[in-house]
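This briefing sets out selected features of the structure shown below, grouped by topic. Please read it with the sequence and the coordinates at hand.

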Amino acid sequence: MIADNLLTPNTPLRQPKLWMPEQVLFTPAAIAEPWGQQILARVQSLNLPIQELPRNRLTGLRGESERDTYDIAKRTLAVVTAPPSSFKLSPIPPSADWQFHLAEGCPAHCQYCYLAGSLQGPPVIRVFANLPQILENLAAYEKPGKATSYEVSCYTDPLGIEHLTGSLAECIRYFGTRDDAHLRWVSKFDAVDELLNLPHNGHTRCRISVNAAPVSGRFEGGTASVPSRLMALRRLALPPERGGGGYPVGLVIAPIMHIDDWEMHYGCLFDQISEALDFDCDLTFELISHRFTPGSKEVLQTWYPHSKLDMDEDKRSVKRNKFGGTKYVYDNDTMKTMKRFFEGEIGRRFPNAKILYWT
C-alpha cells in the first residue's frame with residue numbers, strides 16, 4: 001500500500017526528469033508574441049544559452065551526417081510561430097475528435113519513435129509562441145451541447161518541455177473554462193508539480209505512457225523511469241484533499257512488443273500499475289502494439305544505427321491504409337493472443353477502468 005504522502009518506505013526521492021536544451025533559438029515573430037515573451041522569461045531564468053535569429057527561418061541545424069543532424073536538433077529548442085496550416089485541425093481517431101499542437105518534436109530518444117518520418121526536416125523541438133491564437137481557434141470545431149475532445153500529444157511530449165514553456169498548463173486552464181471541450185495529453189516524463197493545483201474542472205485527462213522493463217530500459221532513452229512516471233500519474237489522480245490533482249487519468253501501454261517472456265514482463269508492469277493506483281480513480285487504458293512503416297524504419301536506422309529494435313518485415317503482416325500507405329504489424333494470431341492477455345489483466349485488476357481501444 002502506498003501512503004498518502006505518495007511514497008512507499010522503499011521509494012527513493014527523485015528529482016523530476018528535465019530536459020535542458022544546449023541552445024534556445026527565437027525567431028523575430030516568436031519574440032513579438034506575448035506568449036513568446038513568457039517563454040523567453042522562463043528560459044532566461046534557467047540560464048540557458050539564447051539566440052535571437054535575424055529571420056523567421058531555422059538554419060544551422062544540419063551536421064555532416066544524418067546522425068550528426070539528429071544530435072544537433074535534439075539538443076535544440078526553437079521558439080517559433082505555428083504556421084497558418086496548423087489552424088486547420090485534423091481528426092485523430094481513435095484518440096480524440098481533433099488534434100492540435102503546442103509544439104512539434106520531442107526531447108526523448110525512443111528508438112521506435114512515432115515521429116520518425118512524420119515531421120519534415122531535422123527533429124528540432126519547435127515550440128509555438130502564438131499559443132493564445134491556437135487555443136482561440138479551437139472553439140470553431142465545437143458543437144453546442146456536444147462534448148468535443150482534443151489531443152495535444154501527437155507531435156510532441158508536452159510535459160517533457162513544460163518547464164521551458166508553461167504551455168501545457170495554459171492549455172489545461174483554457175479547457176477548464178470550456179463547457180463541452182476536453183483536453184487529452186500523454187507523456188513519458190514526470191515533472192507534474194506545476195499541474196496539480198490548476199483549475200482543470202475535470203476537463204483534462206492526463207495519461208502516462210508505460211512499457212515493460214525490457215522495452216522501456218532498452219528503447220526509451222532520455223525519459224523518466226516507468227516507476228517515476230507511475231508516481232507522477234498517482235499524484236495527478238489522487239484527490240486534492242490527499243495532495244493530488246484530482247484529474248481523470250489514463251495509461252497508454254505502447255508500443256506493446258512480442259518480446260521473449262512478454263507475458264511475465266507485462267505482468268510485472270501491471271503489478272507496478274496496481275501498486276501506484278491502489279485507489280478509486282477515473283482511469284482509461286489505450287493499448288497500442290508495435291508497428292512501423294518503411295519510411296519510419298529508414299529514418300530510425302539513421303538515427304539509431306546500433307539499435308536492437310526488431311523491425312524485420314518477414315516476421316510481420318502488412319497492413320495498408322485507405323491512402324495506400326503500408327505499415328508492418330504483428331500477425332493476427334499474435335495480436336489476438338496479446339489482446340486477450342491485456343484485456344484479461346485490466347479486467348481483473350481494474351474492473352471499473354475503460355479500455356478505449358486496442359490497435
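Helix α7 (residues 213-219) supplies the largest share of the lining of the second largest pocket, namely four residues. Helices (H or I, at least four residues) and strands (E, at least two) are DSSP runs, numbered from the N terminus. The model is predicted, with local features requiring pLDDT of at least 70 and side-chain atom pairs counting only at pLDDT 80 or more, whereas totals for chains, interfaces and linings use all residues. Residues are numbered from 1 along each chain as its sequence is written, and side-chain values use heavy atoms, with hydrogens and water left out.

**Second largest pocket**

- The lining of this pocket comprises 18 residues, and those nearest its centre are Met257, His258, Ile259, Asp260 and Asp310.
- On a 1 Å grid over the protein atoms alone, a pocket is an open set of points where a 1.4 Å probe fits, with protein on both sides within 12 Å along at least five of seven lines; lining residues have an atom within 4 Å of a point.
- The pocket holds about 370 Å³ of space, where a volume is the space filled by probe spheres set on the grid points, which are joined across faces, edges and corners.
- Seven nonpolar, four polar and seven charged residues make up the lining; Ala, Val, Leu, Ile, Met, Phe, Trp, Tyr, Cys and Pro count as nonpolar, Asp, Glu, Lys and Arg as charged, and the others, Gly among them, as polar.

**Eight-stranded sheet**

- Eight strands form an open sheet with mixed pairing, in the order β4-β5-β9-β10-β11-β13-β14-β17; two strands pair if DSSP finds at least two bridges between them.
- At the edges stand β4 (90-92) and β17 (354-358), each of which pairs on one side only.
- From one strand to the next, the twist averages 30°; axes are lines fitted to C-alpha atoms, for helices over the stretch in contact, and angles run from 0 to 180 degrees between N-to-C directions.
- Helix α8 (residues 226-237) packs on this sheet, where it touches β10, β11 and β13 and makes an angle of about 165° with β11; contact means heavy atoms within 4.5 Å.
- Six parallel bridges connect β13 (residues 249-256) with β14 (residues 283-289), and Leu251 has Phe285 in β14 as its bridge partner.

- Strand β10 is largely enclosed by the rest of the structure, because six of its seven residues are buried; buried means under 20% relative accessible area (1.4 Å probe, protein chains only).
- Leu183 is the bridge partner of Tyr150 and stands opposite Thr204 in β11.
- Arg184, in β10 (residues 181-187), is buried at 7% relative accessibility, and its contacts beyond four places in sequence include Glu151, Arg205, Arg207 and Glu286.
- Thr204, in β11 (residues 204-210), is buried at 1% relative accessibility and touches residues including Trp185, Tyr247 and Pro248.

**Five-stranded sheet**

- A further open sheet has five strands in the order β2-β1-β3-β8-β6, again with mixed pairing.
- Because β2 (50-52) and β6 (103-104) each have a single partner strand, one side of each is left without a neighbour in the sheet.
- β6 and β8 (residues 125-128) run antiparallel and are joined by two bridges; Glu104 has Arg126 as its bridge partner in β8.
- Helix α2 (residues 34-45) lies across β1 (23-26), β2, β3 (76-80) and β8, at about 160° to β1.

Notes:
Buried means under 20% relative accessible area, exposed over 50%, partly exposed in between (1.4 Å probe, protein chains only).
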